[in-house]
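Hi,

Here is the structure I promised to pass on to you. Have a look at it first, and then read on for what I found.

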Amino acid sequence: MSETIGVIGAGAWGTALAQVAASAGHEVRLWARDPALVAAINATAENAPYLPGIPLSPRIRATGDLAHVAQAPVNLVVTPAQAMRSVLATLPAHGQALVLCSKGIEAGSHRLMSEVAAEEHPRSPIAVLSGPTFAHEVTRGLPTAVTLACAAPALRAQLAEWLATPQFRPYASADVVGAEIGGAVKNVLAIGCGVVEGAGLGQNARAALIARGFAEMTRFGLARGADAVTLAGLSGLGDLVLTCSSVASRNFSLGLGLGRGQSAAALLADRRTVAEGAFTAPVLREAAAGVGVDMPVTDAVCRLLGGEAVDTVIGDLLARPLRDEGA
Ligand SMILES: NC(=O)C1=CN([C@@H]2O[C@H](COP(=O)(O)OP(=O)(O)OC[C@H]3O[C@@H](n4cnc5c(N)ncnc54)[C@H](O)[C@@H]3O)[C@@H](O)[C@H]2O)C=CC1
Ligand SMILES: O=C(CO)COP(=O)(O)O
């Protein structure tokens, strides 16, 4: 059945999801905060700054008017995580379903995106869409599977059906918190894997970092109420493996630069698109300390982002007291 779907945030991922929704037969209202980008998308059917060379569906109309997008029964929210609250605060509320697609944890409050959304839109049902999904592959129609998490069984089935296409396969889940934590934590770990690559530390080290990183993702997730099955699924382990394996990842490529000796400030100043892990890392370190969870890889990534030398940080990681693998 054809619906109107609102997409809030016209970066790479918001635009890719708009294309998925259009391919599934829906009319899409795509909100961008930059009026020049709105005009360019509508004039050229392309989002050249974020997804160059991808012809967008005629079912997608860009708009700068959040009220227009809010009228849709479903709004996909795809801003950078740290902008989520301010954008939701200005989004007119009428109980529309909010599908959160950003990966991060709010600085200061340590709130997950679903907690931010519940505070700003208490009448809206909340869902989370997350998983191993490079935007440029999704827009090329390559096969992709995601976790679509929502506490309400009827709504999660409905959303999965609305967003499914022959190439885009949502798996429904009741575990909103688990789906969010996987996506937020894997971005931090991907920076670490990029450092390993950039510093030439080898494939053994990368595999060890993925496995030990997954162990700390699981510890933190369980402490925040996630289900271990979700963490081992598409939005956790699946996305961790993708993001830790490819220079197409902005987080991995940030780490690559750090591993080669460049500074975080220079690397971040140089890019237009968001590397969420750089923002999430210090927030995650604080949040983990708050629930008494040990996250040595996250701590190492924070130190590297803060400018400490790779040799020192990796040396300290390896010199920690030996421990049981399951501890
Ligand atoms: N690019 C990808 O392949 C994927 C990205 N994500 C997540 O989706 C979220 C968005 O990422 P992308 O679209 O890739 O980022 P992007 O860097 O391509 O675009 C970000 C967009 O947000 C806008 N923006 C920045 N600050 C804003 C603010 N304060 N208020 C409103 N809009 C603002 C920018 O103008 C831009 O249009 C992130 O949390 C990311 O982790 C999730 C899955 C895949
Ligand atoms: O979340 C993503 C893939 O699932 C995109 O990863 P990057 O933000 O590291 O590019």
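How many residues of domain 1 are in contact with domain 2, and how many residues of domain 2 do they touch? In this predicted model, 25 residues of domain 1 meet 26 residues of domain 2. On the domain 1 side, the elements that contribute two or more residues are helix 5 (113-120), strand 6 (126-130), strand 7 (144-150) and strand 8 (168-173). Strand 7 gives the largest share of that side, with 4 residues. By residue type, the side of domain 1 that touches domain 2 has 15 nonpolar, 9 polar and 1 charged.

To step back to the overall picture: domain 1 covers 4-174 and domain 2 covers 177-318. Their centres, taken over C-alpha atoms, are 24 Å apart. The protein has 16 helices and 8 strands, and its C-alpha atoms fill a box of roughly 55 × 40 × 35 Å along the principal axes. A compact globule of 327 residues would have a radius of gyration near 20 Å, and the protein, at 19 Å, agrees with that. Of the 327 residues, 52% count as buried. Among contacts with a separation of 6 or more, 68% are between residues 24 or more positions apart.

Now to the ligands, which I think you will enjoy looking at.

Ligand 1 has 26 residues around it, and those that come nearest are Gly11, Trp13, Ala83, Ser102 and Thr273. Why does ligand 1 lie between domain 1 and domain 2? Both domains give residues to the shell around ligand 1, so the ligand lies between them. Helix 1 (residues 12-23) supplies the largest share of this shell, 3 residues. The shell around ligand 1 divides into 14 nonpolar, 8 polar and 4 charged residues.

Ligand 2 has 13 residues around it, with Thr133, Asp239, Ser249, Arg250 and Asn251 coming nearest. Domain 1 and domain 2 each give at least three residues to the shell around ligand 2. Helix 8 (176-198), helix 11 (234-243) and helix 12 (250-259) each supply at least two residues of that shell, and the largest share, 3 residues, comes from helix 11. In the shell around ligand 2 there are 4 nonpolar, 5 polar and 4 charged residues.

If you open the model, you could begin with the residues that come nearest to ligand 1, such as Trp13, and then turn to those that come nearest to ligand 2, including Arg250.

Best wishes

Conventions
Residues numbered from 1 in each chain as written. Chains lettered and ligands numbered in written order. Predicted model: local features only at pLDDT ≥ 70, side-chain atom pairs only at ≥ 80, totals over all residues. Near = placed C-beta within 6 Å. Nonpolar A, V, L, I, M, F, W, Y, C, P; charged D, E, K, R; others polar. Domains from an automatic or database assignment. Rg over C-alpha atoms; globule rule 2.2 N^0.38 Å. Buried ≥ 20, exposed ≤ 12 C-beta atoms within 10 Å, placed from the backbone. Contact = placed C-beta atoms within 7 Å.
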